[in-house]
Every structure is written in C-alpha cells, then in structure tokens.
Amino acid sequence: GQFVAPHSGKYFASVNPATEQTLTEIAAADETDVNNAVQAARNAYENVWSKLPARERGKYLYRIARIIQEKSRELAVLETMDGGKPIKESRDFDLPMAAAHFFYHAGWADKLEFVAPGRTLQPLGVIGQVIPWNFPLLMMAWKLAPALAMGNTVVIKPAETTSITALKLAEIFQDAGLPAGVVNIVTGFGDTGAAIMNHPTAAKV
C-alpha cells in the first residue's frame, strides 16, 4: 500500500533511449523485497481481496480504468520518454487499450459463472508476473486486470528498461483506494524476476 526503499539500498538509472539522458533512478529489489511483496500479497488475498464480493472487486477495476483515462496524456508522454515508441502509438493505442482492458475485466468480475457453465471458478491466490519492455503499461493491464477480477493478488516485475509507467500505475492504485497488498510492484533485473518465478508461495506465474 506504499512505496518503500529497496532492502539493498541500490538504485539503477532509467534512460530515455532518444536522448540517452537519465529520467530517474529506479529501486533495485532483491529477494528480501520480493519476499515482503509476496507476504503482503498473501495477507491481502487471505484477509481482504478473496473475501470481497465480486461486484466490489469490479468497482475497483472500473475506478482504475477511469483514472487511467483521466491521466492518459501524462501516461502517454511517460511511456514514450521511457520506452522510445512514437507518441502517436502511446497516445492513440497503448493508453486507450490499457483503460479498455481494466473496463472489460471489471465487467466480468461478477459474471464469472457464465465463463464456464457448469464449473465453479475459483481464484488461485498469489500470482507472480514478469513483463517485457515493449508495451509496458498495456502489458500491466493485460496481466493485472484478469488476475484481479478473478480474485487473485499479484506480485509483478516490469522490465528494468521501462519501469516508470508501472510505478505511475502504483500511484493510480493508491488513488483508486485499492487495498494494500493486492498489487505489489517490484522493480529490478533478472534476479528479481527469478525470485518471483521461483517463490514457493506463488500459486501461478
């Protein structure tokens, strides 16, 4: 539910590929940070998120989608500066689609019995996710929205080269009032991702 300093005290530069200027310093999470994130996700799953009525989970996703729409110009500029893609693509495709995915899955949250008639669908628990660099914010939406709608909690690592909009999305989750621990974003390199992938608590990766 809050931003925390990395256990290692280490940070790395996020660079604008067009100018090679450093945009900001990003926390380098280690195994201790991942453990803390997984524990927060597990606590949130067991005590809050899995107990919420599906309609209430959907309301959070709708709220997130609306805030993404409201901040779409800022997010598009950040996406372009951080990843190097043309602003037209960030503005006209990535941002509208990211919001659309949260809207779409918000609508499914309380209709899961219609996905597979005759089957009872259940959340798995803590989901570990690692995403690549090429569609940073859209990848976050693709991975997070369905997992959250289903009732899971998440520990996710964005690509080390494109972490800025992921951290901006964390601010949006705070603005939306998402309960602490439902989504945990850990930034870093391959060892950070490996700590998520190999964590014994993760129900799915």
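**Close-up views of a predicted model**

**View 1. Ile 87 and a nonpolar patch on the surface.** Ile 87 has its place in helix H4, which covers residues 87-108; helices here are DSSP runs of H or I with at least four residues, strands are DSSP runs of E with at least two, and both are numbered from the N terminus. This is a predicted model, in which local features need pLDDT of at least 70 and side-chain atom pairs count only at pLDDT 80 or more, while totals for chains, interfaces and linings use all residues. Residues are numbered from 1 along each chain as its sequence is written, and side-chain values use heavy atoms, with hydrogens and water left out. Ile 87 counts as partly exposed because its relative accessibility is 36%, where buried means under 20% relative accessible area, exposed means over 50%, and partly exposed lies in between (1.4 Å probe, protein chains only). Together with Leu 23, Val 77 and Met 81, Ile 87 forms a nonpolar patch with about 280 Å² of accessible area. Such patches are made of residues with over 30% relative accessible area and no salt bridge, like charges being joined within 9 Å and nonpolar side chains (Val, Leu, Ile, Met, Phe, Trp, Tyr) within 5 Å; the areas come from the Shrake-Rupley method with a 1.4 Å probe, and for residues only the protein chains shown count as cover.

View 2. An α-helix has 3.6 residues a turn, so residues three or four places apart point the same way. Lys 88 counts as exposed because its relative accessibility is 54%, whereas Asp 92, with a relative accessible area of 40%, is partly exposed. A search of the whole structure finds 10 salt bridges.

**View 3. Strand S4 and its parallel partners S3 and S5.** Strand S3 (residues 126-130) runs parallel to S4 and is joined to S4 by 5 bridges, where two strands pair if DSSP finds at least two bridges between them. The chain passes from S3 through helix H5 (residues 136-150) to S4 in a right-handed β-α-β crossover, a term used if, with the strands pointing away from the viewer, the path from the first strand over the helix to the second runs clockwise. Within this pair, Val 126 stands opposite Thr 153 and Val 130 stands opposite Lys 157. S3 is also mostly covered, with 4 of its 5 residues buried. Strand S5 (residues 183-185) pairs with S4 in the parallel sense over 3 bridges, and Asn 184 in S5 stands opposite Val 155.

**View 4. Helix H6, between S4 and S5 in a right-handed β-α-β unit.** Helix H6 (residues 164-175) has 12 residues and reaches 17 Å from its first C-alpha to its last, close to the 16 Å expected at 1.5 Å a residue; this expected span is 1.5 Å times one less than the number of residues. Among the buried residues of H6 are Ile 164, Leu 169, Ile 172 and Phe 173. The C-alpha atoms of Phe 173 and Ile 67 are 9.1 Å apart in space, although the two residues are 106 apart in sequence. Ile 67 has its place in helix H2 (residues 54-70) and counts as buried because its relative accessibility is 10%. Just after H6, Gly 177 takes a positive phi of about 75 degrees.

**View 5. A salt-bridge network that includes Lys 168.** Glu 171 and Lys 168 meet through their side chains in a salt bridge of 2.9 Å, N to O. Salt bridges that share partners join these two residues and Glu 74 into one network. Lys 168 is buried, whereas Glu 171, with a relative accessible area of 33%, is partly exposed.

How values were computed
A salt bridge is a side-chain nitrogen of Lys or Arg within 4 Å of a carboxyl oxygen of Asp or Glu.
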